[in-house]
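Please find below some numbered remarks on the structure.

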Amino acid sequence: MQYQITGEPMPVVTCTLGNGESMITERGSMVWMSPNMRMETGTGGLGKAFGRMFSGDSIFQNTYTAQGGPGMIAFASSFPGSIRAVAVDPAHPVVVQKTGFLASEAGVDLSIFFQKKVGAGFFGGEGFIMQKLSGTGTAFVEIDGSAVEYVLQPGQSMVVDTGNLAMMDATCSVDVQMVKGVKNMLFGGEGIFHTVVTGPGRIVLQTMPVSGVAAALAPFFNTGNR
């Protein structure tokens, strides 16, 4: 499979496949393709389907396969930002936000990422419902806004606002931290909890999560303010 990413800040990744090669996606992100691409919808197994349903994603996957020769298929981002190609192998699985997975080669497995600390799952909000990409192949991940990357050393941490963590190596751990001080929690405008990511591993942060944009626009759609 060969690919080209174009068109930021509303990017698209165009993939050229050899005969018999396949791509998978969990939602309607396909925007165009050659006529010889065959689509097949399935669950990928009951366990995997249940995990996707638990994380808030569709239980179904679409598999596109080139038949009778080389094929072409394109997947577009759903929000202004960028698309990043990620090489996944058994030694380097990655974890992405639940809305971050765009598409991948068929050798990449998707599963729900279970937090090592229970509190992260209960109090972390949607930023803590994440997916783990394992197996072997190239995956394409959506980044909302601009991407900022850090490499954390063992034991080194970064405090991140919920929703700004786009992707991390599976070697990193995630927890939640309550904002200190009652006035800070009530009037600081940063919420009650922060995300704490601890290394070792690489993390990718995004500057404009969809949830943040929705919260900023919500007052303008409130008819009671007219």
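Is Tyr64 buried or exposed? Tyr64 counts as buried, at 4% relative accessibility (buried is under 20% relative accessible area, exposed over 50%, partly exposed in between; 1.4 Å probe, protein chains only).

The model is predicted: local features need pLDDT of at least 70, side-chain atom pairs count only at pLDDT 80 or more, and totals for chains, interfaces and linings use all residues. Residues are numbered from 1 along each chain as its sequence is written, and side-chain values use heavy atoms, with hydrogens and water left out.

1. Two aromatic pairs are present (ring centres within 6.5 Å; planes under 30 degrees apart are stacked, over 60 edge-to-face, the rest tilted). In one of them, the ring centres of Tyr3 and Phe140 lie 5.1 Å apart with planes at 75°, so this pair is edge-to-face. Tyr3 belongs to strand E1 and Phe140 to strand E13, 137 residues apart (strands are DSSP runs of E, at least two residues, numbered from the N terminus). Tyr3 is partly exposed at 42%, whereas Phe140 is buried at 0%.

2. Tyr64 and Phe75 also form an edge-to-face pair, with 6.3 Å between centres and 70° between planes. Tyr64 is in strand E6 and Phe75 in strand E7, so the pair ties together parts eleven residues apart in sequence. Phe75 is buried, at 0% relative accessibility.

3. Six strands form an open sheet in the order E11-E12-E9-E16-E19-E14, with antiparallel pairing (pairing requires at least two DSSP bridges). E11 and E14 stand at the edges with a single partner strand each, so one side of each lacks a neighbour in the sheet.

Definitions and conventions:
Helices (H or I, at least four residues) and strands (E, at least two) are DSSP runs, numbered from the N terminus. Rings of Phe, Tyr and Trp (its six-membered ring) pair if their centres lie within 6.5 Å; planes under 30 degrees apart count as stacked, over 60 as edge-to-face and the rest as tilted.
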